[in-house]
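Here is a short report on one protein model.

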Amino acid sequence: MSLALKISDASANAAAAASATPPAAPAAAEPAQRRRLRAVPEGTEARGFVLYVGVDELKAAAAGTDLGAIVEALKTLTQQLVPNAETHAAVALAPQGVGGRDVDVVRLALQDPAALAKHRQQDEEPIEPESRGGVIIDLSRKRVVLEGEVAPLTYKEFELLQYLVLREGRTIDRAELIAGLWGVDDEEAPNVRTIDVHVRRLRSKLGGYEEIVRTVRGAGYRFDRHADVSVQHTSTPSPDRF
């Protein structure tokens, strides 16, 4: 859980306060000129700002405070600086264990336009031209790219490949694949014979790179990384624990 504080200007009250306040000396005005907002387009005016604060409840507690106290302190400071300013606080919620930087989670949760645009760009990022050759096993996006084209793997086929990739260099027997991907109590789980059918379907969709899933006779299957195969891991631990 993180927080964001939105501070907006009460224009009418501010105007009244300004009329009752003597003009500031030129020397005092110079720092304000240096801090002038450059991003305000012609014909518009700044009416306030949003401050995104990235701090979860545990970090706040470790510092001897809590989110509510931080909000109140910021609101009090704002009132001291600009007595007629209005404030609004919003708490950003996220699923437990989602990972990532707190401030980035806050910006996305509160629909910050720049953060949303960056997030969409990352999701829609095209394959780089230099990466078009060979095989890219992208664990973060759950996809396999063959010669620049996304392979039409089903969810279970990708999970099967991922299970082998995460255990690179080790031969996995059929019983372990069934237990790891379906579970012992799953009625739809294949038996040790029909698991070969799933592997065969996976390999057929890998085309000329089918040998990255190697059959070890009498033992099971193994992922073999060739020189033209790259694996893009996720930034957070895989839910496929082992």
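## Overview

The protein has 9 helices and 9 strands; helices (H or I, at least four residues) and strands (E, at least two) are DSSP runs, numbered from the N terminus. The model is predicted: local features need pLDDT of at least 70, side-chain atom pairs count only at pLDDT 80 or more, and totals for chains, interfaces and linings use all residues. Residues are numbered from 1 along each chain as its sequence is written, and side-chain values use heavy atoms, with hydrogens and water left out.

Of the 242 residues, 27% count as buried (under 20% relative accessible area, 1.4 Å probe, protein chains only). Take contacts (heavy atoms within 4.5 Å) between residues at least 6 apart in sequence: 56% join residues at least 24 apart.

## The four-stranded sheet

An open sheet of 4 strands runs in the order β6-β5-β4-β9, with mixed pairing. Strands pair if DSSP finds at least two bridges between them. β6 (149-150) and β9 (229-232) are the edges; each has a single partner strand, so one side of each lacks a neighbour in the sheet.

β4 (residues 135-138) pairs with β5 (residues 143-146) in the antiparallel sense, over 4 bridges. Aspartate 138 stands opposite arginine 143 in β5.

## Helices α7 and α8

α7 (residues 155-165) packs on α8 (residues 174-181) at an angle of about 120 degrees, with axes 11 Å apart.

Lys156, Glu159, Leu160, Tyr163 and Leu164 in α7 meet Glu176, Leu177, Gly180 and Leu181 in α8. These contact residues divide into 5 nonpolar, 1 polar and 3 charged, with Gly counted as polar.

Definitions and conventions
Axes are lines fitted to C-alpha atoms, for helices over the stretch in contact, and angles run from 0 to 180 degrees between N-to-C directions. Buried means under 20% relative accessible area, exposed over 50%, partly exposed in between (1.4 Å probe, protein chains only).
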